Amino acid sequence: MAYSFPEEVLEYVFSFINSDKDRNAVSLVCKSWYEIERWCRRRIFIGNCYAVSPGIMIRRFPEIRSVEIKGKPHFADFNLVPEGWGGYVYPWVIAMSRAYPWLEEIRLKRMVVSDECLELISKSFKNFKVLVMSSCEGFSTDGLASVAANCRNLKELDLRESEVEDLSGHWLSHFPDTCTSLVSLNIACLGSEVSFSALERLVSRCPNLRMLQLNRAVPLEKLPNLLRGAPQLAELGTGAYSAELRPELLSSLLDAFTGCKKLKGLSGFWDVVPAYLPAIYPVCHGLTSLNLSYATIQSPDISKLISQCQNLQRLWVLDYIEDGGLDILATTCKNLEELRVFPSDPYGVEQNVSLTEQGLVSVSEGCPKLQSVLYFCRRMSNASLVTIAQNRPNLIRFRLCIIEARATDYLTLEPLDAGFGAIVENCRELRRLSLSGLLTDRVFEYIGKHAKKLEMLSIAFAGDGDLGLHHVLSGCESLRKLEIRDSPFGDKALLANAAKLETMRSLWMSSCSVSYGACKLLGQRLPRLNVEVIDERGTPESRPESCHIEKLYIYRTVAGRRFDTPDFIWTVDEEGNAPLRIA
Amino acid sequence: MASESKMIMLRSSNNEVFEVEEALAFESQTIKHMIEHDCADTVIPLPKVSSNILAKVIEYCKKHVTSPKDDNNELESFDAEFVNIDKNVLFGLMSAANYLNIKSFLDLTSQALADIIEEKC
């Protein structure tokens, strides 16, 4: 017996289905489900702001409440994307200000946001609640002042690693006295002092404040009072963790931390004076997340801390932890899921700390739930990688950054192909991989053969020629993002796998061996790709077609070419031309 | 002295009559509204609900009305088992839950259907 449901029933059922993937699948079942689903979709994620236009989004989904948009390619984090590339959020905000009066949440990553944008956001959406800007730039504390002043129901303001023009700390005082709705405030990236009394009052009048991340300018002396005003905090980012040694400050801090019974995450810790670390011992046992990536403390102090954090799930730390500290981590933190070890002296020639591949091997042995790794070190061996792979077949993200480019296996002096091969062969659920060290086309053969769930791959100074790239493009079925620098990959592999590019979000290649001629061919054959040539030497038309281009960014899109490119970016059009942009 | 519970008569689409206690029938906002606003006779017709579906709805309401409020585990396993059924019956229950306006029942059946959809995705 066939039941025809009233639409509202189906809509109600769909409200229990929240993952984008499932929602997208639901919308493809039939026309009526497509219609019902599009009217009740509330949340949208746009991985590449140029893949779709605001108009298309609004036309299809008229009732969105929450938007997440990403702009620049990931390699922007390594300064490979020139200034002025794009990623402007303004057209999105303008369009949404008209179409989505009930918008509540905007989350942005690597986008350019202006003060005008922030003001527009603060005034256009009456029920605006969440603003997260991760690695964004282009705005100042004036823009923040608008948000503070005008968003009556603001719950989250999170500036995660954004570059903010810090005009003054007074913006914080723009939160009205009536604002009590804050749940999350992250100002860690700001340089200048904020008004402490405004901050203290704000913190103590927001009973639901769960996450507070201060900036370096907040002195340690101010911390006890702040904590006393917010004992319900679940995540705290301290400011500078240093002061002259004063017993009463230590005991005041100890008291304040003891009062924070719900604290699960700690970060901040700039300029640490180790004598003040015992103040956080009372909360260590309950911590699930610890970010010491700014803490320049030595291994014994780190180890002492970690040995008390039995419930740690996530640790970000500088290589000061050394192999010894990682051994302690492996013994103590059996619930560890994510480890990131950052270099304290990445440009130094000599190794300054005793951190080697052994530390990572220890952790892979001791932590059965480890799934996500980012590890900077100065040497690696195939044997260690094989051990790690066999210890932890449940790895999902593995990013290894051996500091010296093209470093060999330090024991055998061979390339690290076999080691990374073992990783992809054993870790069947691997979704993200970053390679480093000396690598030949062999490693790409292994990756193409085994890494079937791999979604994102980062390659630098690797491979012998086109065959390597061909293995990856033809073998990695789930590949969405591929970024390559300084590797001898060229035209043949790209052209042979052109169709693959339409199944991916984006491809970035810089300092490789791709010719302008190949770019033109790609642009011609695949009209639904934007093929953007980035070259600061002037138009590629002025050089022979066989000339290699500097950088290439290819992404699929339904929005056509973009018109906000700077003068060093040429978009190849359907005729295979990259016309001079008319300013 | 125990008070007599008022009995309500419900007639399914295929003319079968079910007699239920008022407290149970009032789980349905639709029925509750009809009775409170005097829109129904002695027997309430439910032309959109067949008797095998109506029987199951009554079974659900009976369990939820008579169970002690704090026995969540038992209710949870009852609910889970209750929707572990043939898809067509599930659709019928959803339709009835919507028509009879029984929120908890609609939530339960909708979530069950959502789970099936997610599994297939």
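In chain A, the side chains of Arg38(A) and Glu35(A) meet in a salt bridge, with N to O at 2.7 Å. Both residues sit in helix α3 (residues 31–40) of chain A, three residues apart, or about one turn of the helix. Keep in mind that this is a predicted model.

**Salt bridges**
- Side chains of opposite charge can pair when their charged atoms come close.
- Over all chains, the structure holds 34 salt bridges, and the Arg38(A) and Glu35(A) side chains meet in a salt bridge too.
- Across the interface of chain B and chain A, though, the rule finds zero salt bridges.

**Where the chains meet**
- Chain B puts 17 residues into the contact and chain A puts in 16 residues.
- Between them, chain B and chain A bury about 1,400 Å², and 68% of that is on carbon and sulfur atoms.

**The sheet in chain B**
- Three strands make an open sheet here, in the order β2-β1-β3, with mixed pairing.
- β2 (17–21) and β3 (43–45) of chain B are at the edges with a single partner strand each, so one side of each has no neighbour in the sheet.
- From one strand to the next, the twist averages 30 degrees.
- Strand β1 (residues 7–11) of chain B pairs with β3(B) in the parallel sense, over three bridges.
- Looking across to β3(B), you'll find Val43(B) opposite Met9(B).
- Helix α3 (residues 51–66) of chain B lies across β1 and β2 of chain B and runs at about 10 degrees to β2(B).

**A helix pair in chain B**
- Two packed helices are described by the angle between their axes and the distance between the axes.
- For helix α5 (residues 87–100) and helix α6 (residues 103–120) of chain B, that's an angle of about 145 degrees, with the axes 9 Å apart.
- The crossing of α5(B) past α6(B) is left-handed.
- On the α5(B) side, the contact residues include Leu90(B), Phe91(B), Leu93(B) and Met94(B), while α6(B) brings residues including Phe105(B), Leu106(B), Leu113(B) and Ile116(B).
- By type, the residues of this α5(B) and α6(B) contact split into 10 nonpolar, three polar and one charged.

Conventions. Residues are numbered from 1 along each chain as its sequence is written. Chains are lettered from A and ligands numbered from 1 in the order in which they are written. This is a predicted model: local features need pLDDT of at least 70, side-chain atom pairs count only at pLDDT 80 or more; totals for chains, interfaces and linings use all residues. Side-chain values use heavy atoms; hydrogens and water are left out. Axes are lines fitted to C-alpha atoms, for helices over the stretch in contact, and angles run from 0 to 180 degrees between N-to-C directions. Helices (H or I, at least four residues) and strands (E, at least two) are DSSP runs, numbered from the N terminus. A crossing is left-handed if the near helix is turned anticlockwise from the far one by less than a right angle, and right-handed if clockwise. Contact means heavy atoms within 4.5 Å. Ala, Val, Leu, Ile, Met, Phe, Trp, Tyr, Cys and Pro count as nonpolar, Asp, Glu, Lys and Arg as charged, and the others, Gly among them, as polar. Two strands pair if DSSP finds at least two bridges between them. Buried area is the accessible area (1.4 Å probe) that two parts lose on being put together, summed over both. A salt bridge is a side-chain nitrogen of Lys or Arg within 4 Å of a carboxyl oxygen of Asp or Glu.
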